[in-house]
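Subject: Structure handover

Hello,

Here is the structure for you to look through. My notes on what was found in it follow below.

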Amino acid sequence: ASYNRIDSQGERPNIILLILESGSSVDSMRTSGISDYLPGLDAIQSKGITYTNFIANSNTTDNALISMIKGINTIPFSNKTNEITLPEYLNQNGYKTQFITTGPLSFLDKKSFLESVGYRKIIGSEHFSEKKKYTFNSAADEHLYDTDLQEIISLEKGDAPYFLTLLTISQHLVYYTPYGLGKENMYRYTDDTVVQFYKALEHAGFFESGILMIAGDHRKMTPLEPGEYEEYGPSSYSRIIFTVVGKGIQSNHIDNNIYQQTDIYYSLKRRVSDTFIEAPPYNDVFLHDVQRPYATHSLFSNRSTLVVVTTEDSCKVRLNGDDTAFKDCPGSVERSEMILNSIANMRAYQFHLNTH
């Protein structure tokens with residue numbers, strides 16, 4: 001892989017990465033202009049940066065974690081890398097690292113994965129054994145946020161900065177929350193609890209030295225909303241919410257550049273590094289530094305097809321060895337050799353890691 005040396009920022013903010021189950025951009029009026037299901041979250045976004053072209057690298061939560069925590073674009077669905085993981089990198093830079101979810105850590109052997117990537121403290125469903133259970137036999141999101149706030153109180157007593165990753169459950173089908181069953185109750189509950197969490201962080205003074213990053217893991221696994229495909233074409237299935245709020249972050253800023261989940265990994269490494277970092281071309285979510293003019297999304301329904309997204313258009317690519325090529329490409333999507341070569345290099349690199 002060809003890596004560049006990049007100037008670092010050398011900051012030490014406290015960081016919360018809140019991963020919203022099925023956090024889809026189409027559900028945010030501020031992000032997409034299509035649906036207004038999350039007005040409270042939109043109000044939070046207005047306090048920081050809203051990213052209108054943020055792409056999930058795949059359709060599953062486990063692959064989202066691989067992209068965000070290990071910096072891997074999951075082509076061809078491998079989690080191997082020569083890179084240091086984000087939690088381990090932060091550990092080495094003096095951070096305390098934790099992962100919290102109300103869901104069972106046994107699902108997809110999540111606990112082993114989280115331990116292997118370097119989280120020093122991991123909290124799952126066993127911590128919430130006395131709480132009422134909802135979707136996936138998991139406690140409600142409000143208990144996730146309450147636990148995070150308790151951890152922050154404990155961490156604030158020390159001198160080390162901290163990195164907390166939270167994974168919600170309530171937006172997952174079958175939509176069963178403390179507000180009741182169904183989509184309408186789910187959206188109200190999700191929106192209310194996110195707002196309550198934000199206000200609690202604000203009250204605790206978190207934003208004086210910390211940043212909150214809110215990212216979807218993948219688009220919701222439901223049919224497209226009216227007008228969604230007309231607006232976004234094949235990229236409709238990949239667009240997720242992403243916003244950043246906190247210390248040193250512009251307020252009420254709209255960023256229309258193209259980003260993907262792997263950019264979170266490199267952007268955070270650059271922000272906390274005292275010296276340069278080496279990285280493949282990536283797009284920095286904090287500095288709006290665009291080195292890669294596209295993002296990619298692996299289709300769950302067709303693993304031989306990749307969606308390439310630019311700010312102008314989106315297009316499908318058929319993965320077929322040396323015959324990999326664009327297909328079904330109306331419009332103005334960039335069909336440059338640079339994109340195809342980049343995809344080939346990614347796949348070759350992953351193949352090398354898988355066989356050595």
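Start with strand β9 (residues 210-216): seven of its seven residues are buried, so the rest of the structure largely encloses this strand. Buried means under 20% relative accessible area, exposed means over 50%, and partly exposed lies in between (1.4 Å probe, protein chains only). Helices (H or I, at least four residues) and strands (E, at least two) are DSSP runs, numbered from the N terminus.

Before going on, note that this is a predicted model: local features need pLDDT of at least 70, side-chain atom pairs count only at pLDDT 80 or more, and totals for chains, interfaces and linings use all residues. Residues are numbered from 1 along each chain as its sequence is written, and side-chain values use heavy atoms, with hydrogens and water left out.

The strand β9 and its sheet

In a regular strand the side chains alternate between the two faces of the sheet. In β9, Gly210, Leu212, Ile214 and Gly216 point one way. Ile211, Met213 and Ala215 point the other way. All of these are buried.

Which strands pair with β9? One is β2 (residues 14-20), in the parallel sense, over seven bridges. Another is β10 (residues 242-246), in the antiparallel sense, over five bridges. Two strands count as paired if DSSP finds at least two bridges between them. On the β10 side, valine 245 is the bridge partner of leucine 212.

These strands belong to an open sheet of eight, in the order β5-β4-β6-β2-β9-β10-β3-β11, with mixed pairing. The edges are β5 (121-123) and β11 (253-260). Each has a single partner strand, so one side of each is left without a neighbour in the sheet. From one strand to the next, the twist averages 15°. Angles here run from 0 to 180 degrees between N-to-C directions, and axes are lines fitted to C-alpha atoms, for helices over the stretch in contact.

Two helices on the sheet

Helix α3 (residues 61-70) packs on this sheet. It touches β2, β4 (96-101), β6 (162-167) and β9, where contact means heavy atoms within 4.5 Å. The direction of α3 makes about 155° with that of β2.

Helix α9 (residues 262-272) also packs on the sheet. It touches β2, β3 (49-55), β6, β9, β10 and β11. Its direction makes about 170° with that of β9. How many residues of α9 are buried? The count is 11 of 11, and the helix is mostly covered. Charged names are on that list too, including Asp263, Lys269, Arg270 and Arg271.

A helix pair

Two packed helices are described by the angle between their axes and the distance between the axes. For α6 (residues 141-155) and α7 (residues 183-203), the angle is about 10° and the axes are 10 Å apart. The two are therefore roughly parallel. Angles under 35 degrees count as roughly parallel, over 145 as roughly antiparallel, 65 to 115 as roughly perpendicular and the rest as oblique.

From α6, the contact uses Asp141, Glu142, Tyr145, Asp148, Leu149 and Ile152. From α7, it uses Tyr189, Thr193, Val194, Phe197, Ala200 and Leu201. By class, that contact has eight nonpolar, one polar and three charged residues. Ala, Val, Leu, Ile, Met, Phe, Trp, Tyr, Cys and Pro count as nonpolar, Asp, Glu, Lys and Arg as charged, and the others, Gly among them, as polar.

Leaving aside neighbours within four places in sequence, isoleucine 152 is in contact with Ile16, Tyr162, Leu164 and Leu201. Isoleucine 152 and isoleucine 214 are 62 residues apart in sequence and 17 Å apart in space, C-alpha to C-alpha.

The four-stranded sheet

Another open sheet has four strands, in the order β15-β16-β17-β18, with antiparallel pairing. Its edge strands are β15 and β18 (325-327), each pairing on one side only. The twist averages 35° from one strand to the next. β15 and β16 pair over four bridges, and alanine 295 stands opposite valine 309 in β16.

Serine 304 lies in the loop between β15 (295-298) and β16 (305-309). At 34% relative accessibility, serine 304 counts as partly exposed. Not counting residues up to four places away in sequence, it touches Val317, Arg318 and Leu319.

Best wishes
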